[in-house]
Amino acid sequence: MSQPQAETRFIELMAELFQTDEAEALDFGWYRVIRRHNREVRAFLGEIVAEHGWKALKGGRLSVLLAEAFREAEAETAAEDRHRLAALEKQLGLKPGANAVERDQRLAALEMVPATMELVNEYRAILERKTAASTAALDRSEVFNRLYQFFSRHYQDGDFIVARRYGREGSRYLRSTGEDTEFHWATEGMYYIKSGDVFTDFPVRLAQGQRLLFTVEPETLAATRAALKPNDKAHYELASVCSSGEIPPSPPFAKGGTEQPQPGVRKETRVCLKYLKGARSERHKDEIVNAVQRECGGDGTEIRRWLNQFIARNQNDFFIHQRLGPVLREDLDIFIKTEMLDADQLLAGGDLPQRVLRVARIVREVGQQIIAFLAALADFQKTLWEKKKLVFSTRYVITLDRIDRLAGRQWLEARLEPIVRRQREEWRTLGLGDFADAAACRMEKSGDLITEATHRYLPLPVDTGHFDEEFKWALLEAVTRERPLDEALDGLALHSDNWQALHLLRAKYRERVKCIYIDPPYNTGGDGFPYKDAYQHASWLAMIDERLSIAKSLMDQQAALFVSLDDHEQPAFRLLADRLYGSANFIATVIWQKIYSPKNSAKHFSEDHDYLLVYARNAERWLPELLPRTAEMEARYGSPDNDPRGPWKPGDLSARNPYSQGRYPITCPSGRLIPGPPPGTYWRVSKTKFEELDRDGRIWWGENRDNIPAIKRFLSEVKQGRVPQTIWLYQEVGHTQDAKKELLAYTPLAENESVFQTPKPTALIRRVLSLSTEAISADEWVLDFFAGSGTTGHAVIAQNHADDGQRKFLLVECNAYFDTLLLPRLKRAAWSPEWKENGKTDGPGLFLRVQTLEQYDDTLANLAIEPETGQSADFDFDGPAFSLRYRLHRESQALYCAVEWFASPFGYTLKRVAGGGEAPSQPVDLVESLIYLLGLDVTRLYREPPGAVILGHDRREQTVAVFFRDCAHPEAVAWLQAQLAAHSADRIFTNDPAALTFEGCERFESIEAVFAGQFGPF
């Protein structure tokens, strides 16, 4: 390959590596990091220009670096040639002042002498090389080829998957801990960041103001996902394009439960696409773009850019390498040693040519600079991913009966009429009934001559999202006046990527979860889990690995993990879990019979079962609870002899195990002699022990008193429960059709919708709960971070209702059906765990905290601020990677940790990504965010005009008081002094403590320092 060809190929790879083209079209993940810092990227990479049909880099740090390296190499080569020519001239007897004719004559004569022939050839080769200047071109070509070879093998579609393949046969190098067996996968050590936002609606706004909504036709989506095999391709085709009625250009702002009208309405164009099997082509995209232009106009290039982003968001997965810089540098050294330097020649006693060493040095020098710059971007991306995300919004769902119990009847009845007005429509939508006034929300119980008539409030859900902030804070103050808030709650539902949620929960819930149940995607190729070509299993393992690792830290020492899987990933998961939890903590593989009749359409076997893999945090300390005894088991006991000790059943007195005192004759009460136990067996007890049991009436001789004796096993003396088995039949724990019926009953799904391919019945989860949690404990947390439609939460509500338990649940779900399926299901379950529309109202009620968290894409969107002229971003450090790191760090700290953002508990806003286009700003719930960052269990939470108060204790059992003041309020300091006098605590926090001068203010710790902990442990 010629030098221009090699350089062009290398430049094209660099353009792909730094996403200079894609970053202009796509605006999420790695693309957004580069796009928002395109200035630094281009300063490093330079401009790509065309010269004589080939590509070259101009003006960037990389081109300068390459030019300097090549110039030094050429100078080194020229110096070496000069020294060598001088030495050869001396050896060959060439006079320094000889002309060309004399020199050629002398060389021709020496060439005929065998002893000097090789020296002459070398001399002429050096002269020719100097004349043709070919060595420099060859070196440049070799450098570009080697750099391309190294970086191309580790890069794929926006990610660096370090393959470590070297040698003629593609040998792979792996780090080893020296264990006898080890488990590795291609994406090991990488964060899987595409855990959600798959096949969701995608709203964007064109430059002309037109709003587009890209969506997928549900029928083709369900059919194609079910039909896709792991290596199959899929594409989009146009289904329809139509404009809907007028809508606001931005989401309406709800205040006090009513929508505020927005000016400047426009029509929305809905672009509905089919999701079909087969490779995608540009023709498919052209048809979609042309149809949109015909409907609403707009620029075709811009429409295509948003279409590309929609496709990439739905069908691509993305990773963040946790150690990109060290891993690539290590691999570069291995690459140079194994593929550039000829070890065989060295071992044979030969010498490597100087040019090989020069090329290797250039590749190492340039490669390390490229790696440093890539690592700066990757490390910043990792920092943003690992940042503890803030709470965007918090609302509470609490049923009327719980308000009555926790806040007090007087508080409820004073507000019941406006509650009914705000909630009436939702109650109707949920199918609970039409409750027109306060009286309809009560169930009356008539009295008699002895007792007075009473009434109780129905478990009708009240969602504070329908009310203003004043109502929510008044409710919280009333609830926490007599009982700690976290103790009163039944659960928490987080709308978030599960890794981000688990990372935020860790400070507060470390070692508190008693049971984890998850039903992750099965990775069958048609279940919507995206993965890179040839990395189906590795992508899935990367996704599970980091989430499971954090989840382990949340588990109590007596906790257990239950994971639903099928045959696709069960073997790999077992290896991964053995590594994370230790193989000694593996408990069992449970087989669940998920269908009740065989599938005759199956190609090979009808798959009738799934698995539940069970691991304990500490197998030495975890024991499953006993299951209730069945009626069939009870029926085996009787008392034909009316034994006063109660029912019993006969047990065999003989056994096959040899026993030295187990062979002796027995005489029955009837006089019959039994010479010994049956052939091949032994009596279980000695003769002395047998006679003792007989005197105690524990031997059964049969109705005629002459049978072979049996020992009586009394029901009162056996375990009051049964040991769980590893085969769970559908008759006991339900099947998939039961799960689907429940889902349709509790959610607004249509019968033919297939949002969940592997639904689980609540009976199955209730079996898990009965084995791993105790009803009487007040702090039994159950975690599900693949919550789906909320089956686990529903099961906890139902199980608590059945055994008067106090279990609490933590649910995490990232998809859009969090609000449309999960929350409605929990609200209906609180009304009636066994759902019948407008039927039974015997539900246990509910008090639920519901929160939406900042996500990774939100963080990226908020850091999309271009520096102003004169800011430190213009400061030119010597190292481009260091300069970039400084700029990225400064940006993130200024946005998330600046003191001015925390002058008040209210008013801080961040951008939130709702789809494409400009991300709108949304208020951040700093109070609830602070609770997580401090890891607090809240006892009291209330708000007054000068600020908000949080009282509680942390995981070290230290009491904590937080007085989050509005620094601009005229009474803020006096309020702070009053709160300090009223609430003593081990640790006391406020904002801007440096500005305080009153006595005792030295006790305050800084709230600002806590928020700085978003970027690391606090």
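A loop and beyond

Modeller: Glu 957 sits in the loop that joins β38 (947–953) to β39 (959–965), where strands are DSSP runs of E with at least two residues, helices are DSSP runs of H or I with at least four, and both are numbered from the N terminus. The model is a predicted one, in which local features need pLDDT of at least 70 and side-chain atom pairs count only at pLDDT 80 or more, while totals for chains, interfaces and linings use all residues. Residues are numbered from 1 along each chain as its sequence is written, and side-chain values use heavy atoms, with hydrogens and water left out.

Phi of Glu 957 is near 65°, a positive value in a residue other than glycine. Most residues other than glycine have a negative phi. With a relative accessible area of 57%, Glu 957 is exposed (exposed is over 50%, buried under 20%, partly exposed in between, with a 1.4 Å probe and protein chains only).

Another residue with a positive phi is Asn 642, whose value is near 55°. Asn 642 belongs to the loop between α22 (631–635) and β24 (648–652), and its relative accessible area of 65% makes it exposed. Pro 647 is found in that loop between α22 and β24 too, but at 36% relative accessibility Pro 647 counts as partly exposed. Leaving aside neighbours within four places in sequence, Pro 647 is in contact (heavy atoms within 4.5 Å) with Tyr 637, Gly 638, Ser 639, Arg 713, Phe 714 and Leu 715. Its C-alpha atom is 9.7 Å from that of Ala 635, twelve residues apart along the chain.

A further loop, between β18 (461–463) and α17 (469–479), holds Gly 465. Gly 465 is partly exposed, at 42% relative accessibility.

Now for a pair of helices. The axes of α25 (residues 736–746) and α28 (residues 817–831) come within 9 Å and cross at roughly 90° (axes are lines fitted to C-alpha atoms over the stretch in contact, with angles from 0 to 180 degrees between N-to-C directions). The two helices are therefore roughly perpendicular, a label for 65 to 115 degrees, with under 35 roughly parallel, over 145 roughly antiparallel and the rest oblique. Glu 742, Leu 743, Ala 745 and Tyr 746 of α25 make the contact with Pro 824, Arg 825, Arg 828 and Ala 829 of α28.

Aromatic rings come next. There are 33 aromatic pairs (Phe, Tyr and Trp rings, the six-membered one for Trp, with centres within 6.5 Å; planes under 30 degrees apart are stacked, over 60 edge-to-face, the rest tilted). Trp 427 and Phe 435 have ring centres 5.9 Å apart and planes at 90°, so this pair is edge-to-face; both residues are buried. Ring pairs also link Tyr 191, Trp 385, Trp 499 and Tyr 856 into a cluster. Arg 574 lies over the face of Phe 586, 3.4 Å from the ring centre (NZ of Lys or CZ of Arg within 6 Å of the centre and within 35 degrees of the ring normal).

Stepping back, the protein chain has 33 helices and 41 strands, and buried residues make up 52% of its 1018 residues.
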